[in-house]
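User: I'm new to this one and I'd like to go through the wording step by step. Could you show it to me and then take my questions?

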Amino acid sequence: MQRRQFLQSGSALGAMGLVSGCATVGGGSGPKVVVIGGGYSGATAAKYLRMWSEQKIQVTLVEPNDAFISCPMSNLVIGGSKTITEITTPYDNLTKRHGVKVVKDRVNSIDADKRIVKLAGGTELAYDRLIVSPGVDFMWETLPGMNKAGAKETIMHAWKAGEQTVTLRKQLEAMPDGGVFAMSIPLAPYRCPPGPYERACQAAEYFSKAKPKSKVLILDANDDVTSKGPLFKKAWAERYKGIVEYRGKHRVTDVDASSNTLKFEFNDDLKANVLNVIPSMRAGDIAVNAGLATANNRWCEVDFLTFESKAAKNVHVLGDSIQIAPGMPKSGHMANQHGKTCAAAVIALLMGKEVNPMPIYNNTCYSYVSSKDVVHVASVHKYDAEKKTMLAVPGSGGVSSAANELEGVYAWSWAQNIWADTLA
């Protein structure tokens, strides 16, 4: 499959027709679907539920933020080649063009028996089907020092794009030439496997131009680089020689924010000018609190034909919160595919039709090793009826042979197209 075919719906989506034009918000008196979370999977599901049902399903999206800020491409803000505005898209078109009712609020609780979602503002939303797409939250209990007053305001994770992304960029700008930027990476699985290594490249490029005496220190809890290892290591050795240092098997157990010090399971304490601590992750709070995180109370197990939760009927879980299938990354592109597959399945279930028994979806993940040069990894995934999971199709994927500027053009086009596919 060509990388530039990344937004094709594929056989996962059946023969659902695409319907354009304006529609009444909420869609009248049809079945009700509530979607929690307006990220890559939730917003996509909300949009395609309306389109493919020919506006016959009422869709309410609950999202606390004013606009969608993309985690993919956010490292470019830290590197300085893009601004936060360039990776931000409003939710307006979901309502104007597709009739999705967008409610700016947070979900307090889910009553799966009564099929009711209770919002922080006091509103209750009834549903026939619920889609939960809350992304990830962090396991702060594994880093006691980060729970002390002021720690989270001082030490950035920047793993949810937005204010922390901008703050981390400002911290790098304020760091003296000759300083050390140390970033810690949790044990996999975590959101966006190559993301930390891309971030290291972005910081290194900035230092190479503005602070050439400075260092990027990568402290990885994993034994080795978890994605695109040879390509990242080549960039560090050749483009950023003397700037980037990689250390595997460095698992952070605590952080002293007052002294900018990392503590490790087996290694000596380390102090740096700027710390970027990426904590261990789990399914978003609402999924965990609702009892949907059935895999070690961390990730949500689902039926991959419908994304229905294995813990609650009529509740579907998407995106980074799920217990992934073999070889399936927690990525923005994959979340978009989850949203489409689930939308088609929910429509079939509500309309009494057969769910597609053989979904197929693809993934492409681009990483910027500089402001222009990019590498990618791609894969195609197909449902295995015997194993009841998604499996990578042998020979379907691949990795870049080398970083190049043409892939940088593809990468930015991918971003603009998937933002439009999700939100336009």
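Analyst: Let's start with Leu219, which is buried, with a relative accessible area of 0%. Keep in mind that this is a predicted model.

User: Why is Leu219 called buried?

Analyst: Buried means under 20% relative accessible area. Leu219 comes out at 0%, so it counts as buried. Leu219 is found in strand E12, and it touches Ala182, Met183, Ser184, Ile185, Arg247, His250, Leu262, Phe264 and Leu270, leaving aside residues up to four places away in sequence.

User: How do you know that E12 and E13 pair?

Analyst: The cut-off is at least two bridges between two strands. Strand E12 (residues 215-220) is joined to E13 by 4 bridges, and the two run parallel. Within that pairing, Leu219 stands opposite Arg247 in E13.

User: Which strands make up the open sheet with parallel pairing, and in what order?

Analyst: There are 4 strands, in the order E13-E12-E11-E17. Strand E13 (244-247) and strand E17 (274-277) each have a single partner strand, so they stand at the edges, with one side of each left without a neighbour in the sheet. Neighbouring strands here are turned by 15° against each other on average, direction ignored.

User: What packs on that sheet?

Analyst: Helix H5 (residues 163-174) does, touching strand E11 (180-185) and E17. The direction of H5 makes about 155° with that of E17.

User: What makes E6 and E8 the edges of their sheet?

Analyst: That open sheet has 3 strands in the order E6-E7-E8, with antiparallel pairing. E6 and E8 each have a single partner strand, so one side of each has no neighbour in the sheet. The twist averages 20° from one strand to the next.

User: How many bridges hold those pairs?

Analyst: Strand E6 (residues 107-111) and strand E7 (residues 116-119) are joined by 4 bridges and run antiparallel. Ser109 stands opposite Lys118 in E7, and Val107 has Leu119 as its bridge partner. E7 then pairs with strand E8 (residues 124-126) over 3 bridges, again in the antiparallel sense. There, the bridge partner of Lys118 is Glu124.

User: Where do the turns of these hairpins have a positive phi?

Analyst: The E6 and E7 hairpin has 4 residues between its strands, and Arg115 in the turn has a positive phi of about 55°. The E7 and E8 hairpin also has 4 residues between its strands; in that turn, Gly122 has a positive phi of about 105°.

User: How do you know that the span of helix H9 agrees with what it should be?

Analyst: H9 (residues 332-350) has 19 residues, and at 1.5 Å a residue it should span 27 Å. Its end C-alpha atoms are 27 Å apart, so the values agree.

User: What makes H9 largely enclosed?

Analyst: 17 of its 19 residues are buried, so H9 is largely enclosed by the rest of the structure. Just after H9, Gly352 takes a positive phi of about 70°.

User: What makes strand E2 mostly covered?

Analyst: In E2 (residues 58-62), 5 of its 5 residues are buried. Gln58, Thr60 and Val62 point one way, Val59 and Leu61 the other way, and all are buried. E2 also pairs with strand E1 (residues 32-36) in the parallel sense over 5 bridges, where Lys32 has Gln58 as its bridge partner.

User: Is Ala287 buried or exposed?

Analyst: Ala287 has a relative accessible area of 0%, so it is buried. Its place is in helix H8 (residues 285-289). Ala287 touches Val132, Pro134, Leu292, Ala293 and Cys300, not counting residues up to four places away in sequence.

Definitions and conventions. Residues numbered from 1 in each chain as written. Predicted model: local features only at pLDDT ≥ 70, side-chain atom pairs only at ≥ 80, totals over all residues. Heavy atoms only, no water. Axes fitted to C-alpha atoms, helices over the stretch in contact; angles between N-to-C directions. Contact = heavy atoms within 4.5 Å. Expected span 1.5 Å × (residues − 1). Buried < 20%, exposed > 50% of the residue type's maximum accessible area, 1.4 Å probe, protein only.
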